[in-house]
Amino acid sequence: MDAVRIDKFVHTYNEIKVSNVAIPQRKNDEVLVTIFAAGVNFVDLLYRRSVFPVVPGGKHQNNRSLVLPPFTLGLEFAGVVDSSPPGCSFKPGDHVFGGSLGSYASRISVKPSVLHHIPSKWSFAEAAGLAATVPVSYGALIMRGNIRPGETVLIHAAAGGLGLMAVQIAKARGCTVIATAGCGFKLEVARKYGADHTFNYKDPVWFKHVLDVTNGNGVDAVFDPVGLVDKSLKCLKQKGRILIVGFAGNIEQIGTNRVLLKQAVLIGYRFGETERQDPAETVGIWKGLREMIDKDLIKPTVYDKEYTGLESVPEAMTDLSDRKVWGKAIIKVTHDVKARM
């Protein structure tokens with residue numbers, strides 16, 4: 001089996017290599033899947049340098065839970081079930097997607113709980129970018145942020161994998177969406193997926209434009225996967241909510257006096273930790289998402305550059321690091337031209 005392995009923590013993407021490793025053996029309670037496509041995520045960039053602090057099942061080092069080399073990169077995939085335990089809802093031949101460390105591989109063995117059937121209208125490539133993005137956006141906005149019809153939601157990095165899903169979920173909820181991104185092309189992408197207003201967050205006074213389009217009222221909620229809490233407070237309504245789902249740069253230092261003056265609610269959301277602590281909530285997240293997907297309220301967000309074969313993973317990670325990617329970069333793992341890609 002081919003897999004993108006990390007034998008030691010690396011600093012450049014060119015050091016990441018495809019290796020031949022043993023085909024995984026399906027455990028009694030797991031499902032063996034042949035992977036046709038895999039999604040690329042920002043967290044992959046952190047894992048390969050060991051700067052992402054907590055990984056399920058990781059070994060402990062310096063009071064942190066880490067995955068230590070060697071291990072296989074990749075967090076989400078889509079493919080076909082090879083084999084499954086008796087009574088499992090996933091049968092050989094089923095088209096599935098899921099999330100698990102080790103997804104940059106030709107096969108993977110996983111618990112049934114991480115798998116979902118691919119929507120009938122979606123290809124493997126389209127479904128491969130779901131597991132690590134859309135539940136994060138839904139969980140933050142719906143389960144934690146409790147966004148409601150008629151509210152105004154500000155979504156940062158709105159052309160990214162998380163951001164485009166957040167735009168669609170907020171629109172499906174009946175909200176007005178204000179989106180930010182770092183260039184004009186990405187703002188155009190955000191509008192294509194439903195954003196009502198778009199602003200470049202590189203503009204030092206973007207928050208003033210947000211106030212202008214809200215008649216000075218500000219927004220009800222902010223979805224922040226990059227670290228823009230400080231300026232978001234400037235255009236937040238009294239008692240508004242800021243949903244912190246990640247950091248793309250330096251971790252901010254926020255004056256709590258400003259939080260007090262706005263009576264702001266700051267909410268941190270980690271889907272992975274929530275999934276470990278409260279599996280029932282994860283079930284509820286996917287139930288709500290399935291309803292939206294079945295109603296065509298959520299569309300695929302596949303970046304329009306093709307990455308073919310596991311050997312293309314370093315190139316895709318470089319493009320993601322260089323902020324060239326909108327939506328989800330997808331690795332087409334299989335070379336089978338008959339595959340439903």
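Student: Which residue in strand 2 stands opposite V4?

Tutor: First, this is a predicted model, where local features need pLDDT of at least 70, side-chain atom pairs count only at pLDDT 80 or more, and totals for chains, interfaces and linings use all residues. Residues are numbered from 1 along each chain as its sequence is written, and side-chain values use heavy atoms, with hydrogens and water left out. Strands (E, at least two residues) and helices (H or I, at least four) are DSSP runs, numbered from the N terminus. In strand 2, the residue standing opposite V4 is V18.

Student: How many bridges join strand 1 to strand 2?

Tutor: Two strands pair if DSSP finds at least two bridges between them. One bridge brings D2 together with N20 of strand 2. Strand 1 (residues 2-6) and strand 2 run antiparallel, and the number of bridges joining them is 4.

Student: And where does I6 find its opposite number in strand 6?

Tutor: Strand 1 also runs antiparallel to strand 6, with 2 bridges joining them. Look across from I6 into strand 6, and you land on F71.

Student: Okay, on to helix 5. Which of its residues are buried?

Tutor: Buried means under 20% relative accessible area, exposed means over 50%, and partly exposed is in between (1.4 Å probe, protein chains only). Helix 5 covers residues 184-192. With that cut-off, its buried residues are K186, L187, V189 and A190.

Student: What covers them, and what phi does G194 take just after the helix?

Tutor: The cover for the buried residues of helix 5 includes helix 4 (161-172), strand 12 (176-181) and strand 13 (197-200). Just past the end of helix 5, G194 has a positive phi, and its value is about 120°.

Student: Now charges! How many salt bridges does the whole structure have?

Tutor: Side chains of opposite charge can pair when their charged atoms come close. A salt bridge is counted when a side-chain nitrogen of Lys or Arg is within 4 Å of a carboxyl oxygen of Asp or Glu. Searching the whole structure gives a total of 18.

Student: How far apart are the closest N and O atoms of R290 and D294?

Tutor: These two sit 4 residues apart in helix 10 (residues 279-294), so about one helical turn separates them. R290 is partly exposed at 28% relative accessibility, while D294 is exposed at 57%. In their salt bridge, the closest N and O atoms are separated by 3.9 Å.

Student: K305 and E315 also make a salt bridge; where in the chain is E315?

Tutor: The closest N and O atoms of K305 and E315 are 2.9 Å apart. The pair links distant parts of the chain, 10 residues apart, with K305 in the loop between helix 10 and strand 17 (307-308). E315 is in helix 11 (residues 313-321).

Student: What about K332 and E306: how many residues apart are the parts they tie together?

Tutor: Their side chains meet in a salt bridge of 3.4 Å, N to O. K332 lies in strand 18 (residues 330-332) and E306 in the loop between helix 10 and strand 17, so the parts tied together are apart in sequence by 26 residues.

Conventions. Contact = heavy atoms within 4.5 Å.
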